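User: I have a two-chain model open and want to go through it. Can you take questions as I look?

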Amino acid sequence: MGSSIRKAIELILSADPELLNILSTTAKVCLTSSVLALVIGVPLGILFGAERFPGRKVLLVLNRTLIGMPPVVCGLLFYMLFSGVGPFRHLHLLFTVKLMIIAQVVLITPIIIGVMETFVADTAPALRETTRGLGFGRIKEYKLLINECLYSIFSAYLLSFARAIAEVGAVAMVGGAIAWKTNVMTTAIMMYTNRGSFTLGIALGLILLTLSLLVNVVLSLMQGRLSR
Amino acid sequence: MKKTISLLLALIMILALCACGQSAAPAPAAAQAPAPAEEPAPAAEPAPEPAALVVDTCILKEADDAMINNYSLLAVNPDAPFADADGNPVTDVELNTVGAAALINWLLSEEGQDLAANYGFDQYGEYLFYLKDGRPVSTAEIPAATEETKKIRLSTTTSVNDSGLLGYLLPIFEDKYGYEVEVYSAGTGKSIANAKMGNADLILVHSKKQEEAFIEEGFSYVLDGMDAERLNWMYNYFVLCGPSADPAGVKEAADVKAAFKAIADGKYTFISRGDGSGTHTKEISLWPEELGITADAESFKDYTDWYISANTGMGACLVMAEEMHAYILTDKATFLTFVANDGVMG
């Protein structure tokens with residue numbers, strides 16, 4: 001462990017260009033995909049939680065199934081769809097950062113919908129009683145609801161960011177772990193492990209965890225302040 | 001309440017930074033401390049690293065004709081019978097044939113061949129790859145990259161990529177002609193499958209049987225100025241490695257097959273890749289036939305006391321062999337890299 005920590009610090013201090021490239025690709029992929037999933041997932045989650053419409057239960061069950069989708073299955077699906085012989089071959093997206101982001105959005109959005117739905121379904125009835133009593137309109141009702149949700153939106157984002165940064169199965173399949181292009185921290189760790197460079201793998205893992213810690217600290221501080 | 005949480009988090013962050021700072025501080029100190037101490041005393045041991053792992057595993061059998069490891073280039077045929085997942089033919093798969101031809105012609109040119117042949121000597125004191133007699137040679141003009149032909153997708157095996165050969169050759173090619181080569185590296189089986197799915201313009205692999213099947217199915221074609229689809233231009237050796245004490249006495253064995261027989265007879269621990277890679281395929285062909293070892297797990301279920309099917313990469317297997325004082329078959333390039341890095345585990 002000691003040698004891994006030393007190696008991790010050496011790596012950071014040396015500003016190795018390949019490591020910097022891997023870090024920037026990782027940041028690009030997991031920040032973009034988690035934010036996109038948030039933008040898609042939060043409105044859907046609030047809708048599922050606050051409204052009652054036919055088919056809602058079925059959609060919720062489907063969503064919960066998608067939460068459990070193994071990343072490697074998602075990756076394999078996208079690999080087949082965007083392959084040179086697949087139906088979407090003309091988009092030329094296989095082994096690109098874009099497709100990695102799309103695959104991760106598909107993986108993460110159901111989690112956000114699930115988290116938001118649970119929270120809103122719990123909060124909405126009581127809130128609705130109050131707003132109806134005060135004679136508020138629908139728009140004002142939703143405004144209040146979103147305001148109530150701020151804290152859990154942050155929680156949902158933290159969860160989706162964690163899933164995005166830790167995920168390896170899907171990005172390895174659709175990205176191909178191509179050096180200087182689609183290699184991210186987790187795929188690089190896999191690669192070094194297969195080569196037997198365990199120390200280097202753990203060193204990268206430590207860097208990844210440290211970054212994750214920093215992001216979580218910043219977001220948690222914002223969460224605390226916003227929802228006070 | 002929320003204030004306490006943020007305070008707590010800030011505290012954790014400060015603690016984490018302190019922990020990083022502390023481990024950062026003694027590390028360079030530890031690395032530097034022995035150096036000045038040794039300068040006045042030149043008689044001291046030449047290895048200042050305190051916990052350097054000495055690799056015990058060494059090459060016991062090499063340069064046997066049965067151990068030749070041939071590397072070939074194959075251009076993917078744009079008119080190949082590509083088919084989608086349901087077996088329906090797909091005719092408009094887009095391949096960069098110009099780029100693939102350019103890369104193959106450069107690798108087979110005098111410049112590319114010289115670079116490959118001399119690779120590794122400065123670093124390891126040994127050549128890692130040898131040029132084959134009667135190899136295909138190209139004198140074709142190499143066109144500069146255009147917007148359409150810029151991106152070349154090369155599907156290759158981990159052993160080629162891990163030896164560092166491609167990392168050394170490709171930047172020279174890219175700088176000179178303006179191409180960008182994207183290297184997809186996986187086991188031989190998976191990298192050929194990747195090409196069959198229309199995701200590669202050329203492949204560089206080392207498994208003759210699988211290459212011939214690839215050609216048979218029509219996935220490769222003969223480039224202008226070449227005689228065959230399979231361009232086998234360089235080789236190196238598989239080597240049989242094991243503990244320096246060599247309890248099975250494979251060093252004295254007449255040839256590599258006798259060496260494998262000695263290991264099996266004495267039931268000395270042997271690490272097999274077990275992952276369908278080129279190295280695994282080779283290893284299976286070297287066991288005495290009466291043992292009946294194949295890639296099928298059923299075939300070695302009686303030998304599990306000494307035959308270990310690791311199902312992982314070459315480097316990870318070497319680490320395992322070192323720990324277990326076991327015998328192992330590996331390509332020479334990966335083994336030399338492993339030794340040069342002090343057994344990588346460090």
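Analyst: What follows is a walk through the model, starting with confidence and then going to chain B and chain A.

User: Ground rules first: what kind of model is it, and how is it numbered?
Analyst: This is a predicted model, in which local features need pLDDT of at least 70, side-chain atom pairs count only at pLDDT 80 or more, and totals for chains, interfaces and linings use all residues. Residues are numbered from 1 along each chain as its sequence is written, while chains are lettered from A and ligands numbered from 1 in the order in which they are written.

User: What ipTM and pTM does the predictor give the complex?
Analyst: An ipTM of 0.81 and a pTM of 0.80.

User: And the pLDDT of chain B, what is the average?
Analyst: The average for chain B is 82, with 83% of the residues at 70 or above. pLDDT is the predictor's confidence in each residue, from 0 to 100.

User: How many helices and strands in chain B?
Analyst: 14 helices and ten strands. These are DSSP runs numbered from the N terminus: helices are H or I with at least four residues, strands are E with at least two.

User: How is chain B divided into domains?
Analyst: Into domain 1 (57–65 + 238–340) and domain 2 (69–236). The bounds come from an automatic or database domain assignment. Taken over C-alpha atoms, the centres of the two domains of chain B are separated by 29 Å.

User: How many residues are in contact between them?
Analyst: 17 residues of domain 1 of chain B are in contact with 16 residues of domain 2 of chain B. On the domain 1 side, helix H12 (278–286), helix H13 (314–324) and helix H14 (332–340) of chain B each supply at least two residues. H14(B) gives the most to that side, six residues.

User: Switching to strand S10 of chain B: is it enclosed or open?
Analyst: Five of the five residues of strand S10 (residues 327–331) of chain B are buried, so the strand is largely enclosed by the rest of the structure. Buried is 20 or more other C-beta atoms within 10 Å of the residue's own, exposed is 12 or fewer, and partly exposed is in between, with C-beta atoms placed from the backbone. B:Tyr327, B:Leu329 and B:Asp331 cover one side, B:Ile328 and B:Thr330 the other.

User: Which strands pair with S10(B)?
Analyst: Strand S7 (residues 231–243) of chain B pairs with S10(B) in the antiparallel sense over four bridges, and B:Phe238 has B:Asp331 as its bridge partner. Strand S8 (residues 270–272) of chain B runs parallel to S10(B), joined by two bridges; there B:Ile271 partners B:Ile328. Pairing requires at least two DSSP bridges between the strands.

User: What else is B:Ile328 in contact with?
Analyst: Leaving aside neighbours within four places in sequence, the contacts of B:Ile328 include B:Cys241, B:Gly242, B:Phe270, B:Cys317, B:Leu318 and B:Ala321.

User: How many residues are in the largest nonpolar core?
Analyst: 77 residues, and those with the most contacts inside it include B:Val76, B:Leu103, B:Leu240 and B:Ile328. A nonpolar core is a set of buried Ala, Val, Leu, Ile, Met, Phe, Trp, Tyr and Cys residues joined through C-beta atoms within 7 Å. S7(B) contributes the largest share, eight residues. Domain 1 and domain 2 of chain B both give residues to this core, so it lies between them. Apart from it lies another core, of 57 residues, among them A:Ile22, A:Ala37, A:Val105 and A:Leu107.

User: Now chain A. How many helices and strands?
Analyst: Chain A has nine helices and zero strands. Its C-alpha atoms fill a box of roughly 65 × 45 × 25 Å, taken along the principal axes. Of the 228 residues of chain A, 42% count as buried.

Key. Two residues are in contact if their C-beta atoms, placed from the backbone, lie within 7 Å.
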